[in-house]
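Here is a short briefing on the structure shown below. Take a look at it before reading on.

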There are 2 protein chains.
Amino acid sequence: MGALCKKCRERAQIKLPRHNASFCQKHFKEYFFKQVEKAIKKEKMISPGERVLIAVSGGKDSLVLWDVLRELGYRADGLYVNLGIGDYSDRSEETCIRFASSRSANLYTISLPAFTGGAGIREISRKVRRKACAACGMIKRYLFNRFSWEMGYGVAATGHNLDDEAATLLGNLIGWKEDYLSRQAPVMPSNHPRMVRKVKPLFRVTEKETAACAVMSGIGYIYEECPLARGARSTVYKNTLNYLEQHSPGAKQQLFYNFLQKGRPGFLQKREDVQLQSCSRCGQPTATETCAVCQMLEKIGAPPLSLSEGGAVKQKAGEALAP
Amino acid sequence: MGALCKKCRERAQIKLPRHNASFCQKHFKEYFFKQVEKAIKKEKMISPGERVLIAVSGGKDSLVLWDVLRELGYRADGLYVNLGIGDYSDRSEETCIRFASSRSANLYTISLPAFTGGAGIREISRKVRRKACAACGMIKRYLFNRFSWEMGYGVAATGHNLDDEAATLLGNLIGWKEDYLSRQAPVMPSNHPRMVRKVKPLFRVTEKETAACAVMSGIGYIYEECPLARGARSTVYKNTLNYLEQHSPGAKQQLFYNFLQKGRPGFLQKREDVQLQSCSRCGQPTATETCAVCQMLEKIGAPPLSLSEGGAVKQKAGEALAP
């Protein structure tokens, strides 16, 4: 590479054209941690002492997020949802367990098939005639919020990075989806008694930077993409923005930061706030009488979901935390 | 290619993935003309019988626009502004003259150096310390509007195509420039007695389609880009959108059409309308007391600009039209 670290003038390990800077390993990690801390502080994501639950998938983003939050001194536990996508789910779960053990961190695992009489995402999406990614997203968001709330976490975090957020933004701009645009933010406050605040502390770092951080921190993660997500539109948007970034360094963050600062307030103003009610079956927030996940479970003949029954939730590694 | 024309099932000459269609030469031109006609009619660009002046550069877009408007029966004349960029300007001017002669069309040419004591864009931009493309755009827009108005044209047209418009939009979204976003439209109505309505009848067709139309219509055009525009940001945006379009056919038009339909009205509402006044030196519309072009001429020591003096305006080909 030949470049020198901006801080110590030692040989650089990574080049960040968007910041016009190169860093050695030590100062890259310092930079990375500072970006996460800045995101949390500036956007008021996590209060001091507040317990935070992280949705972990076994991929680099969520495991790096968990690692960094713990290193920064936050009380961060993990939740893995096994979605029953064959070997892929099992390998992902093992990866999360291995990471939690290595850090003596608290990891919960939920098995979706345990609630559905054995059906995973593939079967559910076929039965309810929805795209796998749509059904999966809905179920994961539901379980993440419900579990966080039932376990008394005030805030729930996901590993969405700058690439994820910018790609979603590009898609929403192409379709000019004002409702989605108004809801795209690093912090989504709770607007229902059973809704937990959602935060995205990695929104200031890129996928490439997160991967580098994982390698430098010795985090083993699942490289493969979910087999059901192949050819997803979001991948096209990510690659498009990578092309742009390569020829115009900084454009990706400009797009997202400028939207957050100048664009989003306008969409927020226009949004008609839907008054969320409580689902008649499970009590979770919903815009309809019965929530979409309860409707889905009904369609596939599964009973209402109870997290504290049937051994669907397991506690792995770290100190015990009873549900 | 192997594909067949959607209309006549003869061998196709061009494939349009964004329309999921292929066409033979005859039906491609039919499609192309229909898109231009649709743009004009739907956006109320040109009234029946109204004379229209086209800004021609010698490139494919403006010459195709001129050709198509004439074929569609519009009373369309051309204006070429020689910006004094050496050989490039001279070759461009010759190309326009050749085209006008071949069609017996009316072409005016204006020579910028004739107004500036010999200075072209390169020298002017150096003297006034502005980027060449910025100075050039300002001068061209000024001359185009002023000449159209002095010659009694009600409407002035440029050859901007879908690629141009989408690239500009992408740049404005990256910077979230609300003022520019509010002004990006296929029709800009006049908002000053000396301002002529501006229209972009090619906004529904792509660069590739316009190039194909030029070839099929036997239009000789200048292939080379302006030597001062090399490495322009707009080229990066165009290439980015071409990457996107290649992997998600139709995305480019979706971005631009959805913006026009759903996005732009919101920006228009928010815009504070600047009351345009008349320039104290030339009478042209301006937001300041003296317009930017008069200020520029003053800086380089050139006299106020008069189109009817000094032989700066020439009439080439076609029937005579006195200024």
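In which sense, left-handed or right-handed, does H1(B) pass H9(B) in their crossing? The crossing is left-handed. Keep in mind that this is a predicted model. The points below go from one chain, to its helix pairs, to the pair of chains.

**Chain A as a whole**

- Chain A has 12 helices and 11 strands.
- Its C-alpha atoms fill a box of roughly 60 × 45 × 40 Å along the principal axes.
- The radius of gyration of chain A is 20 Å, and this agrees with a compact globule, because 323 residues in such a globule would give a value near 20 Å.

**H1 against H9 in chain B**

- Helix H1 of chain B covers residues 25-42, and helix H9 of chain B covers residues 207-216.
- Their axes come within 10 Å and cross at roughly 125°.
- That angle makes H1(B) oblique to H9(B).
- From H1(B), the contact uses Gln25(B), Phe28(B), Lys29(B) and Phe32(B).
- They meet Glu209(B), Ala212(B), Cys213(B) and Met216(B) in H9(B).
- By class, this contact of H1(B) with H9(B) has 5 nonpolar, 1 polar and 2 charged residues.

**H7 against H10 in chain B**

- Helix H7 of chain B spans residues 162-174, and helix H10 of chain B spans residues 233-247.
- The two axes come within 9 Å and cross at roughly 105°.
- H7(B) and H10(B) are therefore roughly perpendicular to each other.
- H7(B) brings Asp163(B), Ala166(B), Ala167(B), Leu170(B) and Gly171(B) to the contact.
- H10(B) brings Arg233(B), Ser234(B), Tyr237(B), Lys238(B), Thr240(B) and Leu241(B).
- The residues of this contact of H7(B) with H10(B) divide into 5 nonpolar, 3 polar and 3 charged.

**H7 against H11 in chain B**

- Helix H11 of chain B runs over residues 251-270.
- The axes of H7(B) and H11(B) come within 9 Å and cross at roughly 70°.
- That makes H7(B) roughly perpendicular to H11(B).
- The crossing of H7(B) and H11(B) is left-handed.
- On the H7(B) side, the contact is made by Leu162(B), Glu165(B), Ala166(B) and Leu169(B).
- On the H11(B) side, it is made by Lys252(B), Gln253(B), Leu255(B), Phe256(B) and Phe259(B).
- The contact of H7(B) with H11(B) has 6 nonpolar, 1 polar and 2 charged residues.
- Ala166(B) is listed in the contact with H10(B) and also in the contact with H11(B).

**Where chain A touches chain B**

- In the contact between the chains, 20 residues of chain A meet 20 residues of chain B.
- Three elements of chain A give two or more residues to this side: helix H7 (162-174), helix H10 (233-247) and helix H11 (251-270).
- H11(A) gives the largest share, 8 residues.
- By class, the side of chain A that touches chain B has 9 nonpolar, 8 polar and 3 charged residues.

**How the two copies are related**

- Two copies of a chain are related by a rotation about an axis and a shift along it.
- The same surface serves both copies, as 100% of the contact residues of chain A recur in chain B.

Terms used. Residues are numbered from 1 along each chain as its sequence is written. Chains are lettered from A and ligands numbered from 1 in the order in which they are written. This is a predicted model: local features need pLDDT of at least 70, side-chain atom pairs count only at pLDDT 80 or more; totals for chains, interfaces and linings use all residues. Two residues are in contact if their C-beta atoms, placed from the backbone, lie within 7 Å. Axes are lines fitted to C-alpha atoms, for helices over the stretch in contact, and angles run from 0 to 180 degrees between N-to-C directions. Helices (H or I, at least four residues) and strands (E, at least two) are DSSP runs, numbered from the N terminus. Angles under 35 degrees count as roughly parallel, over 145 as roughly antiparallel, 65 to 115 as roughly perpendicular and the rest as oblique. A crossing is left-handed if the near helix is turned anticlockwise from the far one by less than a right angle, and right-handed if clockwise. Ala, Val, Leu, Ile, Met, Phe, Trp, Tyr, Cys and Pro count as nonpolar, Asp, Glu, Lys and Arg as charged, and the others, Gly among them, as polar. The radius of gyration is taken over C-alpha atoms; the globule rule is 2.2 Å times the number of residues to the power 0.38.
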